[in-house]
Amino acid sequence: MTLIIAPTGKALGAVVTGIDLGSPVEDAIAAEIRMALCQHGVLAFPNQRMTPESQVALTRQLGEPEVHVLSDFAIPNMPEDFIVSNVRKNGKPVGAVNAGQYWHSDLSYTAQPTFASMLHAKEVPPGRGETLFASMVRAYETLSDEIKTKIEGCHAIHDYTLAYETVFADNPDRILTEEQAAEVPPVKHPVVRRQVETGRRAIYVNPGFTRRIVEMDAEESRDMLEALFTQATDPANIYTHHWQVEDFLMWDNRITMHMAMSNYEASDVRHLLRTSVTGEVPV
């Protein structure tokens, strides 16, 4: 089996063919996939017929699977498989509704934030519901020397409850209980982190979960975060994935952030399965 890895030609991302992820994957191939992910930031595998079990098996080959704090949206008896969906049964959502419709890096609010996230598309709105990815490596590399100097050695507070105060403030389908919030208290991470495999440096703040920069006063922190967010979302830093049914997508959260577009009707079904791999403490 030979992987064919074709870069997207954008600031990040590659399309991978020549493999059937629905069948057992050799450990050597899984290691090759992992390194390609570290290099490209985003990998897209089209036309993958995978079961939830095969998705979890591949996830385990890439590292330690995570279990999301919103456990109600996991597949029964398979806590690693998290449902992202706008489907309702008996009036209740079967998965996380409006998931990821803001710029963020998965679980940056935990002590060991997500390394790799994976989504398998079961149903998607035709021609809509794209996901945008930003290269935080290129965003850092193209910063002015002045800003690089200002943020060198700085740290930021990441807090999951920020998203519920802003993005989900008026969304009755997305409620975070006190018990769930207590499981993910705010954490402090470097504003610029290093990818351990390649040594590349990347901006590590995001609008969804980053409250403030510790070493700056409130006004300076707000202005700097806005400048970093603007830099990161420059069109030159973006790869847009146009979903097809049975696409399997994975991304490295340490060097990217992403946002799911909500440009589809409420009647359009968007149903995907998500797994993820725990990362290391950011340095």
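In which helix is E219 found? E219 sits in helix α7, which spans residues 218–232. Keep in mind that you are looking at a predicted model.

E219 also takes part in a surface feature: together with D217, E220, D223 and E226, E219 forms a negative surface patch.

Now let's go inside. The structure holds 3 cavities of 30 Å³ or more, and the largest cavity has a volume of about 320 Å³. Its lining is made up of 24 residues, and those nearest the centre are A99, G100, H104, D106 and R274.

Charged pairs come next. Side chains of opposite charge can pair when their charged atoms come close. With a side-chain nitrogen of Lys or Arg within 4 Å of a carboxyl oxygen of Asp or Glu as the rule, the count comes to 13 salt bridges. One of them joins R34 to E197, with the closest N and O atoms 2.9 Å apart. R34 belongs to helix α1 (residues 27–40) and E197 to the loop between β12 (192–194) and β13 (201–203), so this pair ties together parts that are 163 residues apart in sequence.

Methods:
Residues are numbered from 1 along each chain as its sequence is written. This is a predicted model: local features need pLDDT of at least 70, side-chain atom pairs count only at pLDDT 80 or more; totals for chains, interfaces and linings use all residues. Side-chain values use heavy atoms; hydrogens and water are left out. Patches are made of residues with over 30% relative accessible area and no salt bridge: like charges are joined within 9 Å, nonpolar side chains (Val, Leu, Ile, Met, Phe, Trp, Tyr) within 5 Å. Accessible areas come from the Shrake-Rupley method with a 1.4 Å probe; for residues, only the protein chains shown count as cover. Lys and Arg count as positive and Asp and Glu as negative; His and the chain ends are not counted. The place of a charge is taken as NZ of Lys, CZ of Arg, CG of Asp or CD of Glu. Helices (H or I, at least four residues) and strands (E, at least two) are DSSP runs, numbered from the N terminus. On a 1 Å grid over the protein atoms alone, a cavity is a set of points where a 1.4 Å probe fits but cannot get out, and a pocket is an open set with protein on both sides within 12 Å along at least five of seven lines; lining residues have an atom within 4 Å of a point. Grid points are joined across faces, edges and corners, and a volume is the space filled by probe spheres set on the points.
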